[in-house]
Amino acid sequence: MKIDLENQNFPQFKLSTHQDLILFLIKNELLSTRFMNQLSTIGFDTSFFSIELGTAILSLMGFKSRTDALWEWYYNTVDSYATKVCLENHAAIRAVSFDFYIALQIKLHTEQG
């Protein structure tokens with residue numbers, strides 16, 4: 001099965017299909033987190049309905065060791081970026097996803113260095 005990621009339009013320059021896949025997963029992680037956080041604020045127990053994309057994202061990014069400290073950073077960062085998501089503005093969602101991708105790149109660089 002071939003996934004067509006050419007229509008994602010993340011930044012204004014060309015990324016590899018690998019990077020487009022990561023951005024696609026990040027976008028869905030942020031949207032899911034935003035949705036679950038909003039449901040939680042009105043009283044729904046969302047613990048059974050979360051979608052876990054973090055393992056795939058971190059693996060594709062190249063994180064070899066996924067420590068508890070990394071997971072804590074990841075979930076705090078996902079929550080932080082999810083609050084920036086404006087559901088009505090698709091361009092803004094792509095921009096926040098790309099910003100989160102850059103944050104992951106920086107974290108990977110500091111973890112390896």
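**Entry 1: leucine 30 and its surroundings**

I started at leucine 30, which touches Val78, Tyr81, Ala82, Val85, Val96, Ser97 and Phe100, leaving aside residues up to four places away in sequence. Contact here means heavy atoms within 4.5 Å. Before going on, I noted that this is a predicted model, where local features need pLDDT of at least 70, side-chain atom pairs count only at pLDDT 80 or more, and totals for chains, interfaces and linings use all residues. I also noted that residues are numbered from 1 along each chain as its sequence is written, and that side-chain values use heavy atoms, with hydrogens and water left out.

**Entry 2: the overall plan**

Next I looked up the elements: the protein has four helices and zero strands, in the order α-α-α-α. Helices (H or I, at least four residues) and strands (E, at least two) are DSSP runs, numbered from the N terminus.

Among the elements, α3 has the highest mean (97) and α1 the lowest (92). A reminder to myself: where pLDDT is low, the predicted coordinates should not be read in detail.

**Entry 3: helix α1**

I checked the length of α1. Its 25 residues should span 36 Å at 1.5 Å a residue, and the end C-alpha atoms are 36 Å apart, which agrees. The expected span is 1.5 Å times one less than the number of residues.

The buried residues of α1 include Ile22, Ile26, Leu30 and Met36, and the buried residues of this helix pack against α2, α3 and α4. Buried means under 20% relative accessible area, exposed over 50%, and partly exposed in between (1.4 Å probe, protein chains only).

Is threonine 33 buried or exposed? Threonine 33 sits in α1 and counts as buried because its relative accessibility is 12%. Its contacts include Val78, Asp79 and Ala82. Just after α1, I found glycine 43 with a positive phi of about 105°.

**Entry 4: helix α4**

Helix α4 covers residues 90–112; its 23 residues should span 33 Å, and its end C-alpha atoms are 33 Å apart, so the two values agree.

Among the buried residues of α4 are Ile93, Phe100 and Leu104. Their helix has its buried residues covered by elements including α1 (17–41), α2 (54–61) and α3 (68–82).

Histidine 109 is also in α4, but it counts as exposed because its relative accessibility is 61%. Histidine 109 and phenylalanine 63 are 46 residues apart in sequence, yet 9.6 Å apart in space, C-alpha to C-alpha.

**Entry 5: the core**

Which residues touch the most other members of the largest nonpolar core? Of its 25 residues, they are Ile26, Leu30, Ile57, Tyr74, Phe100 and Leu104. The elements giving two or more residues to this core are α1, α2, α3 and α4, and α4 gives the most, with eight residues. A nonpolar core is a set of buried Ala, Val, Leu, Ile, Met, Phe, Trp, Tyr and Cys residues joined through side-chain atoms within 4.5 Å.

To finish, I noted that 37% of the 113 residues count as buried.

Conventions: pLDDT is the predictor's confidence in each residue, from 0 to 100.
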